[in-house]
Amino acid sequence: MNSSETKDSHLQTIATDGVNGADSCPAVDWASLFPSSGMPAGGSSVLLHACCAPCSSAIVEWMLQNDIHPTIFYFNPNIYPREEYEIRKEESKRHAESLGIQWIDGDWDHDAWLTYIQGMEQEPERGARCERCFLMRLEAAAHKAVELGINVFTTTLASSRWKRLDQIERAGFAAEAAVPGSHFWARNWRKGGLQERRNQLLKEFGFYNQQYCGCEFSFR
Ligand code: SF4
């Protein structure tokens, strides 16, 4: 099943379940938000869940060039130890501030994250633990998007060649289903030259470039 089929079938599920119905929240005209190009209409606001500054840089630049206004949500309780988390967080904040973009600090509760992935500690990277990790972060992003009245959310996780897009997509749509009023923008953020641009911007901004994914189980 390709990504558009996944999205269509998921939207069908939403319609069938009535998640967007009058009982739960106002109906959203997704067709106007997502024209045939698959990206929000010009001038739209998007909540961008950011895993780190390097992975955000080319995506943010592309959004701004396409009249899409991102609000960065930094929520990554998976990162360990705390010192590493603080370094990545400050880099993300520095990046947003340099561009005048709103930046929101999520909580860092690593114990809650450990509880969330309990039983999956020995899973390999790109295995079941990672999909669960994505789900926790993207559900929080969906909640934050709705809280801010932005509704559309996406994630920089989909820019990393180290991560599985199918897992990110499943987690994003599951988060969307769990949070009425939210809509996951599934997009492969490696394409369209963004991977190459990311590497250029990494040098231009002089970003800290982490050497492992984030959790203690991903130390190399
Ligand atoms: S390896 Fe990365 S994506 Fe996987 S569980 Fe650890 S922090 Fe999350």
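Here is the tour, from the overall fold to the core and then the ligand.

You're looking at a predicted model, where local features need pLDDT of at least 70, side-chain atom pairs count only at pLDDT 80 or more, and totals for chains, interfaces and linings use all residues. Residues are numbered from 1 along each chain as its sequence is written.

Start with the cartoon view. The protein has 8 helices and 5 strands, which are DSSP runs numbered from the N terminus (helices: H or I, at least four residues; strands: E, at least two). From the N terminus on, they go α-α-β-α-β-α-β-α-α-β-α-β-α.

Next, select Val46, Leu47, Ala141 and Phe153. These have the most contacts inside the largest nonpolar core, a group of 47 residues. Such a core is a set of buried Ala, Val, Leu, Ile, Met, Phe, Trp, Tyr and Cys residues joined through C-beta atoms within 7 Å; buried means 20 or more other C-beta atoms within 10 Å of a residue's own, with C-beta atoms placed from the backbone. Now colour α6 (128-148), one of the elements giving two or more residues to this core. The largest share, 9 residues, comes from α6.

Zoom in on Val46. Leaving out residues up to four places away in sequence, its contacts (C-beta atoms within 7 Å) include Pro40, Met63, Phe153 and Trp185.

Last stop: the ligand. Which residues surround the ligand? Select Asn78, Glu125, Arg129, Cys130, Cys133, Cys213, Gly214, Cys215, Phe217 and Ser218, using a C-beta cut-off of within 6 Å.

Notes
Buried ≥ 20, exposed ≤ 12 C-beta atoms within 10 Å, placed from the backbone. Contact = placed C-beta atoms within 7 Å.
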